Protein chains: 2
Amino acid sequence: MLGLMQHQPLLISTLIEFADRHHGDGEIVSRRVEGDIHRYTWRDVAARSRRLARALDGEKLAPGERVATIAWNGYRHLELYFGVSGSGRVLHTINPRLHPEQIAWIVGHAEDRVLCFDMSFLPIVQAVHAKCPTVRKWVALCDADKLPADSGIPGLVSYESWIAAQPDSYHWPELDENTASSMCYTSGTTGNPKAALYSHRSTTLHAYAAALPDVMNLSARDSVLPVVPMFHVNAWGIPYSAALTGCKLVFPGPALDGKSVYELIEAEGVTYAAGVPTVWQMLLGHMKPAGLKFSKLNRTVIGGSACPPAMISAFQDDYGVQVLHAWGMTEMSPLGTLCTLKNKHLALPPEQQMKIRLKQGRAIYGVDMKIVGDDGKELPWDGKAFGDLYVKGPWVVREYFKGEGGDPLVDGWFPTGDVATIDADGYMQITDRSKDVIKSGGEWISSIDIENIAMAHPAVAMAACVGMPHPKWDERPVVAVVKKPGAEVSKDELLDFYKTKTVAKWQVPDDVIFVDAIPLGATGKMLKTKLREQLKDYRLPGTS
Amino acid sequence: MLGLMQHQPLLISTLIEFADRHHGDGEIVSRRVEGDIHRYTWRDVAARSRRLARALDGEKLAPGERVATIAWNGYRHLELYFGVSGSGRVLHTINPRLHPEQIAWIVGHAEDRVLCFDMSFLPIVQAVHAKCPTVRKWVALCDADKLPADSGIPGLVSYESWIAAQPDSYHWPELDENTASSMCYTSGTTGNPKAALYSHRSTTLHAYAAALPDVMNLSARDSVLPVVPMFHVNAWGIPYSAALTGCKLVFPGPALDGKSVYELIEAEGVTYAAGVPTVWQMLLGHMKPAGLKFSKLNRTVIGGSACPPAMISAFQDDYGVQVLHAWGMTEMSPLGTLCTLKNKHLALPPEQQMKIRLKQGRAIYGVDMKIVGDDGKELPWDGKAFGDLYVKGPWVVREYFKGEGGDPLVDGWFPTGDVATIDADGYMQITDRSKDVIKSGGEWISSIDIENIAMAHPAVAMAACVGMPHPKWDERPVVAVVKKPGAEVSKDELLDFYKTKTVAKWQVPDDVIFVDAIPLGATGKMLKTKLREQLKDYRLPGTS
């Protein structure tokens, strides 16, 4: 027997309609590429999204066709979020930090029909447009009078003149809620990028979940600064959750330096900001010497990589800002866990609370997770056993766009590629990437643990631990170390240093290799594949 | 093109599985009918819900068959919420305050197969069981040794012995998310009661929405006391939202007096309580003379009827507890609006904030609303125009169980039976029930406004305004007034009193009728139908 409740599909268009109708005068503030500040309201977002939808109709774009963006966080990008998906097309956000060759490949793979870009990315578009035969229309996100006369891009139009020609009345189509709404390519370290293809249903459910008190805690009283880019996993879903709650949105545009971000936070009364540790490092670096404080900022969610404990303390103790760890991935829309305390933790002393807060957090309802050992069996939640982390849920991918990479699921669970522990209270902590974990004599060794110990040594600037082939143990850990300028430490001193730390004897590295630098990727992550390549002729002590 | 996200139906079983897995040791505390305090955890709720599901299988209950409850707020009732719906049956919560004849009628209409009741309601069950031929099994929510030997109810078993016989392993069925999950009859003032039939989808979406910061703001750090009964509209969905967030739950059982509620709030560190004004009146009545304070309670949501401004002030100013107005109905699962401020209101002076807080609130994303005039056209959101309030959304009914009352929708919108204004910021305020509004010369007069003015007169204890037939104006208002003991006021004095208030001349009542009492219903609401019956021979001055 079915229930007798109203049929109402979960659609992205209902988010912008809600914000329009119930939070019409709520503010959207953007620092533009031009450098100035632009202000308008949810009502304007809605009206211009409708104009945009009409412009796409005018281009004869069929349902499901892709509209790409290469753009900063700003109001026109927000309109594209709602206008493209709401009208039944698929929004394809492209990471401008990719190599132009990769961008051209992605545009071709996605078969993008329209590509909209901020003027700061004109050089990229000039470099790739000839290699993008699927694109029928190039749109510069600027006023008509800012359009360069000689861009070299055939038929280039300005966004403003494109949508100005349209009326702002539009009837959003009533789509199947499983219709594709947007896509994002993962920047995989091996092989070609693969795309997650989100749906209206997954996006709407994620929008509810992301706004919950134990997640981003968004209300109509918030002023929210998403520093996390809209070109990557939908700025953690903030644009959708913002429409759902009617909060004020503040976009930083391209100005992510400490001074610009600080001034925006203060000028717009930002209460909540979301981003990666590097941006916050710049922000605190600007504030500390000048003795600056926040007047309204009360919390920040940090994800993308683990937040250094010192940064968490600085935010909390010096600035009264609560730092929440988040974990997720492109394949998860992206939120999977968030680190907030439970009722029973509130009476703990601060240092014990900090131990919990350093973990990646608890699952958000909708997402389930498990850790699995080499034998495929689920491991206990004791905070010690670590294994491959699997997730499932309505905002987790089932497969990639065009079936790339085959069926990724194992018994309905998505393998994250991370290795983690989960404690008895459900707090997950990443200990490694699966491909970096060291398997020694059937036991797993966390490369991150080994690196953290080395980096705690006063002479060490950076450390990377990798497994090296061993005839008896399969693999044994070695640690590549960059010394701090002017500092000295010997191999034996460093190995002795491990004995002073809580680490099992068999987990201590077999060797220390001093190097000038550890290869880093574009986002600052260590490229261990490259390190392993550099060490391909290396042999462990006592082996040949 | 469809998205490529995982298929995962929105099911009530996933809520209890989540609480079990991620908040296993989270506490559930209940004051029992026996008077003692019972404590256990979400893990226990889950295990015993699985036993219950098996017990229902043992009764050969087919999917969709109804299991009724007549019970207070407590842990066994909570298990029924998850075990009955999770296993694919429909939970039918019955209001014990209904007349036994009505209860028997409802049980027959719902075709309940199993009926579970708290021992306090044994007399009701003894009175009705012979008139309930559909019920095959009667279950007393008690231990085996508390079962009366001579209840007179054939085959009566104790809940504990019934489920104890079952193992706690169970595989929740993967249902269609639109499957019916629970039902609740409206206590309509005319005709037979009609039932809303909720689905797993509507319940799960409502659970997300109800936990949002702008709604009940539920997190794992909360200790939640639902005083609002589980026998009526699922205690505003708190049991489901509690499982979704893993918060602590505290159940008051039958002890709703001020002393019991206060002691439970303090003993269990309650941070949030939900209920109707009458219960809070008893609570404050207990606290004030004793000079008691709350140690952790920080907010309360009040619904069911408008909260008197004096109570809002007392909670806020004397006890530091924020009072949030809510509005909804059985047909809405039940939440429709909640009154929280927006970003732009935070700088307003307290008295202006209070003006907003007295309204019923803003729509929660998922629900949309509109007000409509006599001509069926949508009215402006200016805070002045008032009309019939219509709602729609995925947790609003489409039709009633068994099609009773025909198709209630008008162009996809559900008529609430309330008359309201909506202001430019989307805040809705109920001005009347549709059937009580007075239509004079094509204009509407709010009976509530007229009553509020009369009740502001120092000599008036209670006032009820109804429309009386008028040959020229169709209807004209008259106000029936109960004087305070020992107080005196004449008809002319009272009509003059209206002239000192902001009310249009044509809205002033044509007459005042002094009465000894105004007929009240079981929940304390004025029964205007009955008042109109009493006044059936009344004629307006100047008419015949």
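**Ground rules.** I worked on a predicted model, where local features need pLDDT of at least 70 and side-chain atom pairs count only at pLDDT 80 or more, while totals for chains, interfaces and linings use all residues. Residues are numbered from 1 along each chain as its sequence is written, chains are lettered from A and ligands numbered from 1 in the order in which they are written, and side-chain values use heavy atoms, with hydrogens and water left out.

**Entry 1: extent of the interface.** I looked up contacts (heavy atoms within 4.5 Å) and found 84 residues of chain B touching 84 residues of chain A. The buried area is about 6600 Å², with 54% from carbon and sulfur atoms; this is the accessible area (1.4 Å probe) that two parts lose on being put together, summed over both. On the chain B side, Met5(B), Gln6(B) and Tyr365(B) lose the most area to chain A, together 15% of what that side buries.

Entry 2: I noted 10 salt bridges between the chains, each a side-chain nitrogen of Lys or Arg within 4 Å of a carboxyl oxygen of Asp or Glu. One of them joins Asp214(A) to Arg221(B), at 2.8 Å from N to O.

**Entry 3: a sheet in chain B.** Strands here are DSSP runs of at least two residues, numbered from the N terminus, and two of them pair if DSSP finds at least two bridges between them. I traced an open sheet of seven strands in chain B, in the order E7-E6-E5-E3-E4-E8-E9, with mixed pairing. E7 (157-158) and E9 of chain B stand at the edges with a single partner strand each, so one side of each has no neighbour in the sheet. E8(B), residues 180-185, pairs with E9(B) in the antiparallel sense over five bridges. Within that pairing, Met183(B) has Leu197(B) of E9(B) as its bridge partner.

Note on methods:
Helices (H or I, at least four residues) and strands (E, at least two) are DSSP runs, numbered from the N terminus.
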